[in-house]
Amino acid sequence: MSARLGLARPLLAWYDRARRDLPWRRAPSPYKTLVSEFMLQQTVVATVEPYFQRFLERFPDLPALAAASEDEVTAAWSGLGYYARARNLHKAARAVVERHAGELPADEEALRALPGIGPYTAAAVAAIAFGARTFALDGNGARVAARLWGVHDSIDVPATREALRARGLAEVPAARAGDFNQAVMELGATVCTPRAPKCGVCPLSSKCRAHATGAAARLPVRTPKRKKVVVRVACCACVDGAGRVLLVRRQAGLLAGTWALPTVELDGEDAGDAARAAVREVGVRAGRLVARGAVRHVFTHRDVTAEVFRVRAAARRVRDGQGARRWLGPEELASVGVSSFTQKTLRVALGPHPVPGGAGLSRGTERRR
Ligand code: SF4
């Protein structure tokens, strides 16, 4: 790799002219930075914006978020996908209240020690919220850096990313470290895009190795992705006489931690038999199952097809009431975290709008920024 490129001056001048007006950049605060960084993991800016606004109205600061229940937090996240992020953000907020008296720590190591905060998020928050001279390398940053330095090694390999991070760090100016990090992210999102980078308008084109050698479109190199695992499941909506539906909180596997219909993975058996067994498993005496149709949902690593059934529940008795199973009416469905996949299965089982405000919220697999 070549030596230091002197990126700060042209990049920051461009950022001052071209940066987008985003809600977390208005009256910025460490809390806004933290929430936005969690939301932007795996999800594009346009999708995040309205969720961010609503989330901040619902939980205006860290203590408010820490004081909320997990259900309230996942409900506010509902439809944004990747629910582990919501649970981790909530845990991090509680840890900040317990360990740091409700004030987000400025130190990268202390941030890294919070639940759910990895090296990227710790560096991004330390730089953006507190001006720490560090470099946050996410997928966007790795792409931009691989092109700038003409790196043809796979950016999925940790050693390559670490080398790119070191190169990036050497470019970060002490005075505007946060803006420099945001400028790299902004360049990756709007100019140095995955396909068809706009080198003609790029403020760094005169310093870019990939541009000089005509390799921009071929970089970065990535390790081929493994194929998604194809999964078939059966699920069943148990509906009681009052129109309430039984949801269970999944303990592990697909959608762990979220509320879903009783669901069982199929291994060649009849979907109706499996759905009936799943219903029995949660302690419901079921009548005749009615097949309602199939739902397909593509997750990051799995391509899931669900056969959906519906049944009148003969009894509201369930085996435990310890918070893992709940009968919910339509309004209550909106108050718990219901994933896009579960919203789809509920629509097929119950009709078009089982979750108020939930229609059309299927965005689980979008790219970051
Ligand atoms: Fe990316 Fe092209 Fe700019 Fe290089 S010149 S950083 S490839 S947009």
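Visitor: Why is Gln42 called partly exposed in this model?

Guide: In this predicted model, Gln42 has a relative accessible area of 39%, and because the class of partly exposed residues lies between the 20% limit for buried and the 50% limit for exposed, Gln42 is called partly exposed. Gln42 belongs to the loop between α2 and α3 (45-58), and its phi is near 75°, a positive value in a residue other than glycine.

Visitor: What makes Ala27 exposed?

Guide: The relative accessible area of Ala27 is 61%, and since exposed means over 50%, Ala27 is classed as exposed. Ala27 sits in the loop between α1 and α2, where its phi, near 40°, is again positive in a residue other than glycine.

Visitor: Why is the contact of Arg26 and Asp21 called a salt bridge?

Guide: The two side chains meet at 3.0 Å, N to O, and a side-chain nitrogen of Arg within 4 Å of a carboxyl oxygen of Asp counts as a salt bridge, so the pair of Arg26 and Asp21 qualifies. As for accessibility, Asp21 is exposed, with a relative accessible area of 55%, whereas Arg26 is partly exposed, with 36%. A search of the whole structure finds 14 salt bridges.

Visitor: How do you know that Glu186 and Arg25 form a salt bridge, and what does the pair tie together?

Guide: The closest N and O atoms of Glu186 and Arg25 are 2.9 Å apart, and the cut-off is 4 Å, so the pair counts as a salt bridge. Glu186 lies in helix α11 and Arg25 in the loop between α1 (8-18) and α2, so the pair ties together parts that are 161 residues apart in sequence. Both Glu186 and Arg25 are buried.

Visitor: What makes Asp71 buried, and which residue meets its side chain in a salt bridge?

Guide: Asp71 has a relative accessible area of 14%, and because buried means under 20%, Asp71 falls into that class. Its side chain meets that of Arg249 in a salt bridge at 3.2 Å, N to O. Arg249 lies in strand β2 and Asp71 in helix α5 (residues 70-77), so this pair ties together parts that are 178 residues apart in sequence. Arg249 and Asp71 also belong to a network of salt bridges that links them with Glu70 and Arg326.

Visitor: How do you know that Arg250 has no salt bridge?

Guide: The nearest side chain of opposite charge, that of Glu265, is 6.3 Å away from Arg250, and since a salt bridge needs a nitrogen within 4 Å of a carboxyl oxygen, Arg250 has none, although it is buried. Arg250 lies in the loop between β2 (245-249) and β3 (259-260). Leaving aside neighbours within four places in sequence, Arg250 is in contact with Leu255, Ala256, Gly257, Thr258, Ala260 and Thr263.

Visitor: Why is strand β1 described as largely enclosed by the rest of the structure?

Guide: Eight of the eleven residues of β1 (residues 229-239) are buried, so the strand is largely enclosed by the rest of the structure.

Visitor: How do you know that β1 pairs with β6 and with β4?

Guide: Two strands pair if at least two bridges are found between them; eleven bridges join β1 to β6 (residues 302-312), running parallel, and three join β1 to β4 (residues 263-265), running antiparallel, so both pairings meet the criterion. On the β6 side, Cys235 stands opposite Val308, while on the β4 side the bridge partner of Ala234 is Val264.

Visitor: What makes the span of helix α8 close to the expected one?

Guide: Helix α8 (residues 119-130) has twelve residues and reaches 16 Å from its first C-alpha to its last, which is close to the 16 Å expected at 1.5 Å a residue. The buried residues of α8 are Tyr120, Thr121, Ala122, Ala123, Ala124, Val125, Ala126 and Ala127, and what covers them includes α2 (30-40), α7 (108-112) and α11 (177-190). After α8 comes Gly131, whose phi is positive, near 70°.

Visitor: What makes the peptide bond between Leu219 and Pro220 cis?

Guide: Omega of the bond that joins Leu219 and Pro220 is about 0°, and the bond is cis. Pro220 has its place in the loop between α12 (209-213) and β1.

Technical notes: Residues are numbered from 1 along each chain as its sequence is written. This is a predicted model: local features need pLDDT of at least 70, side-chain atom pairs count only at pLDDT 80 or more; totals for chains, interfaces and linings use all residues. Side-chain values use heavy atoms; hydrogens and water are left out. Helices (H or I, at least four residues) and strands (E, at least two) are DSSP runs, numbered from the N terminus. The expected span of a helix is 1.5 Å times one less than its number of residues. Buried means under 20% relative accessible area, exposed over 50%, partly exposed in between (1.4 Å probe, protein chains only). Contact means heavy atoms within 4.5 Å. Lys and Arg count as positive and Asp and Glu as negative; His and the chain ends are not counted.
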